[in-house]
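Colleague: Before we go into the helix packing, could you show me the model and its sequence?

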Amino acid sequence: MTSRQPRVPLPGRLGPGSASASIALLATILTACSTSAPTTPQPATPTAAAQPSPILATDGWEFGTPPNTSRGLAITTRSYRLYTTTRDAALAARLPTLLEAALAQYRTLITPLPLPAERVETFVLANRAEWVRCVQMLWADRADAYMTIQRGGITANTKSVLFDLGPRDTLVLAAHEGWHQFTQATFKEQLPVWAEEGIATLMEGFRSEPGEHTRYTFMPWANLERFDRLRDAHGTGAIMDLPTLLASSPSRELSGGDPLTWYAQVWALSHWLMQPQRRPALERMVANAADGTLLQTVASTRGEAARVAASRGRGGAEIFATYFGDPTAHGPLDNDYKDFIRNVVAVGSRDRVTQGQPPSGMR
Ligand SMILES: [Zn+2]
């Protein structure tokens with residue numbers, strides 16, 4: 001989905017001493033996400049050292065227009081401007097560190113990637129009612145389409161709009177949405193949806209050590225919510241084959257499909273692509289999207305018709321075929337992917353995933 005928006009005001013007012021801001025909403029692809037996070041507490045990393053606070057400035061911020069206003073904070077870090085009305089002071093204190101730590105993970109997990117040229121904006125509202133108002137203020141003409149999201153967030157035009165889902169789930173969602181902000185702010189071409197969302201789910205995995213300044217250690221396998229959903233789907237025979245997965249999207253799954261199984265499967269797909277035999281191709285695909293040579297690579301590898309297909313609807317299967325090979329159902333790659341899922345959910349894996357470790361024999 002793309003659309004061009006007029007300039008609209010920031011959905012709130014900054015406190016005394018701060019300049020008011022406005023937001024330019026330019027054409028971009030919507031990324032709507034529906035996610036929830038592990039409910040099992042994650043053990044702390046015993047050797048992790050405290051990190052310095054990334055906060056450069058904290059201002060008062062008032063969300064909404066009178067009389068429906070909520071007091072909050074506008075927090076500035078090197079790469080983020082965080083606006084929040086959460087009543088959870090501990091969450092507000094942890095979010096800036098989480099966002100900056102996640103950014104370091106975005107830039108290094110797959111291939112070296114650049115910093116955004118400007119700060120990106122993240123809104124974390126206190127509840128869904130405020131989230132609805134914020135989404136309507138930012139994206140009036142398409143807000144209705146976003147309202148199917150009951151428990152999740154939206155990132156468009158490099159802005160993420162979330163609401164407080166509880167401490168752990170909010171941080172997981174912020175790490176996921178932050179990947180979309182990052183690619184929207186720095187990539188010259190977009191990844192196909194299966195890769196954009198799959199890599200975002202890799203960013204959800206982290207362990208944290210509370211302290212004066214919480215330290216976050218990102219571990220892509222530390223994601224019981226995705227793991228459990230994958231295991232359930234495998235157990236009930238609901239695993240999609242590669243062509244079906246590559247052709248779908250969160251918004252398509254939200255309207256009648258099974259979005260959480262789709263997310264669990266793109267999480268597994270991304271781990272499968274991170275394995276040594278496929279990882280060089282994954283690195284090339286991500287680097288090509290970042291530097292704007294993705295579609296050109298599709299054209300030179302598979303022809304102009306494939307490029308045109310890939311440029312429409314983000315051509316999931318064509319881009320996959322360009323970098324990894326033929327994804328035909330029941331072909332060698334599809335079978336290998338399904339074998340990988342079978343191994344991921346095998347007995348004993350859940351304990352390793354709980355520790356943030358890959359299942360046996362995997363990376
Ligand atoms: Zn997403």
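Colleague: At what angle do α11 and α12 pack, and how far apart are their axes?

Modeller: This is a predicted model, in which local features need pLDDT of at least 70 and side-chain atom pairs count only at pLDDT 80 or more, while totals for chains, interfaces and linings use all residues. Residues are numbered from 1 along each chain as its sequence is written. With helices taken as DSSP runs (H or I, at least four residues; strands are E, at least two) numbered from the N terminus, and axes as lines fitted to C-alpha atoms over the stretch in contact, with angles from 0 to 180 degrees between N-to-C directions, the pair α11 and α12 has axes 7 Å apart and an angle of about 145 degrees.

Colleague: Which residues of helix α12 are buried?

Modeller: Buried means 20 or more other C-beta atoms within 10 Å of a residue's own, exposed 12 or fewer, and partly exposed in between. The face of α12 turned away from its buried side carries the exposed Glu304 and Ala305, whereas the buried residues pack against α11 and also α13 (316–324). In α12, which spans residues 304–311, the buried ones are Ala306, Arg307 and Ala310.

Colleague: Within what arc do the buried residues of α12 fall?

Modeller: Taking the directions from the helix axis to the C-beta atoms, the buried residues of α12 line one face of the helix, because their arc is 100 degrees.

Colleague: How are α5 and α9 oriented to each other?

Modeller: Helix α5 (residues 193–202) and helix α9 (residues 259–274) have axes 8 Å apart and pack at about 85 degrees. Their contact comprises 7 nonpolar, 3 polar and 1 charged residues. Since angles under 35 degrees count as roughly parallel, over 145 as roughly antiparallel, 65 to 115 as roughly perpendicular and the rest as oblique, α5 and α9 are therefore roughly perpendicular.

Colleague: Is glutamate 177 buried or exposed?

Modeller: Glutamate 177 lies in helix α4 (residues 167–186), and its C-alpha atom is separated by 9.0 Å from that of lysine 159, 18 residues apart along the chain. Because glutamate 177 has 27 C-beta neighbours inside 10 Å, it counts as buried.

Terms used:
Ala, Val, Leu, Ile, Met, Phe, Trp, Tyr, Cys and Pro count as nonpolar, Asp, Glu, Lys and Arg as charged, and the others, Gly among them, as polar. Two residues are in contact if their C-beta atoms, placed from the backbone, lie within 7 Å.
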